[in-house]
Amino acid sequence: MTKSADPDAIFRQRLDQVAADTEALIDHLLAPTPAEGECLRPTRILEAMRYASLGGGKRFRPFLVVEAGALFRVPRAQALMTAVALECVHCYSLVHDDLPAMDDDALRRGRPTAHKAFDEATAILAGDGLLTFAFDVVARPETHPDPAVKNELVIALARASGLGGMVGGQMLDLAAEGRFATGGLPRLDEHEIATLQAMKTGALLRFACVAGAIQGKASAAERAALDRYGTALGQAFQIADDLLDLEGDPATVGKETGKDAAAHKATLVSLYGPDKARARLKELVGDAERALASFGPAADILKIAAHFVAERQA
Ligand code: GRG
């Protein structure tokens with residue numbers, strides 16, 4: 001990155017480029033023509049999967065996969081396959097999270113949620129379809145020529161998404177809302193809230209950062225650095241998200257706000273208050289930047305990304 005260029009403008013341009021490339025690849029992969037081994041792609045579920053995965057979203061996770069991969073010279077086309085797989089998992093989680101049985105939301109990415117645009121059964125199946133499709137994409141030859149690398153990616157993505165990652169975190173989140181309690185609302189301490197959030201939100205963001213190191217066959221030390229960066233970024237992302245829920249404008253955020261307080265949700269923002277939460281956010285951005293120190297200017301774009309996470313309005 002040259003000194004004279006505006007770093008924020010460069011970040012925006014690179015995020016937009018990854019978003020466009022991700023959109024084009026999802027559009028191509030979710031075409032009506034069946035892949036080898038499939039019978040046919042029924043129109044209604046295909047449309048719902050496309051609705052949930054195309055035409056919206058910041059594509060921040062794909063950006064992280066591509067830019068972390070660039071540190072290790074991962075060819076962009078290969079990184080984008082992993083990025084699309086991850087984005088399919090993310091989009092599935094949003095569809096299921098919005099369902100009446102979960103958060104019961106009507107608005108997502110500024111549009112009706114999938115179960116409102118289609119119906120509940122179709123939305124459940126579209127989520128299932130996206131989750132399964134993610135593993136189809138990540139296991140394809142175009143993702144990496146080395147089967148051992150793909151094996152590692154598949155395991156890492158499954159663990160970030162599943163029982164000990166996002167799905168487990170969502171379960172803890174529902175429990176924290178008192179859904180399964182017989183007495184009053186369970187009170188989570190700081191450590192328990194941080195664990196819940198590291199699983200529910202952090203695990204996929206962490207995978208996004210570590211995937212580049214896996215795909216680029218990075219050293220253990222390099223991978224650990226990306227892991228530290230992804231962990232700090234995930235925590236920052238969640239605090240920023242909770243601040244947006246508290247203070248954001250639904251028209252800008254693209255979804256309903258004020259839901260955490262209404263549900264008496266345990267978040268670090270509700271525990272600390274907004275001022276201390278903002279101070280913690282600043283510390284986490286510093287942690288994320290320091291984790292990348294050994295990469296020098298090559299990692300500047302990821303450092304700017306940490307600021308973007310903390311300052312985002314949507
Ligand atoms: C249903 C298994 C299952 C998991 C749901 C995604 C999720 C777990 C919950 C969504 C609730 C939520 C608001 C979490 C906070 C972090 C988050 C995932 C925000 C949405 O991600 P963005 O801002 O969304 O990257 P876009 O639309 O830009 O992709």
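The model is a predicted one, in which local features need pLDDT of at least 70 and side-chain atom pairs count only at pLDDT 80 or more, while totals for chains, interfaces and linings use all residues. Residues are numbered from 1 along each chain as its sequence is written, and side-chain values use heavy atoms, with hydrogens and water left out.

Now show L94, D97, R108, D241 and K255, which lie nearest the centre of the largest pocket, among 46 lining residues. On a 1 Å grid over the protein atoms alone, a pocket is an open set of points with protein on both sides within 12 Å along at least five of seven lines, a cavity is a set where a 1.4 Å probe fits but cannot get out, and lining residues have an atom within 4 Å of a point. The volume of the largest pocket is about 1,100 Å³, where a volume is the space filled by probe spheres set on the points, and points are joined across faces, edges and corners. Its lining divides into 14 nonpolar, 10 polar and 22 charged residues, with Ala, Val, Leu, Ile, Met, Phe, Trp, Tyr, Cys and Pro counted as nonpolar, Asp, Glu, Lys and Arg as charged, and the others, Gly among them, as polar.

Next, select A160, A203, R206, F207 and D227, which lie nearest the centre of the second largest pocket. This second largest pocket holds about 370 Å³ of space, and α9 gives the most to its lining, with 9 residues.

Where is the largest cavity lined? Select Y51, A52, C91, L94, V95, D98, R108, R109, R111, P112, T113 and A114, which line the largest cavity, a space of about 120 Å³. Here α4 gives the most to the lining, with 4 residues.

Finish with helix α14 (residues 274-291) and helix α15 (residues 300-311), whose axes come within 9 Å and cross at roughly 165°; axes are lines fitted to C-alpha atoms, for helices over the stretch in contact, and angles run from 0 to 180 degrees between N-to-C directions. The helices α14 and α15 are therefore roughly antiparallel to each other, a term used for angles over 145 degrees. Show L281, V285, A288 and E289 of α14 with K303, A306, H307 and A310 of α15, which make the contact, meaning heavy atoms within 4.5 Å.

Notes. Helix = DSSP H or I, 4+ residues; strand = E, 2+ residues; numbered from the N terminus. Parallel < 35°, antiparallel > 145°, perpendicular 65-115°, else oblique.
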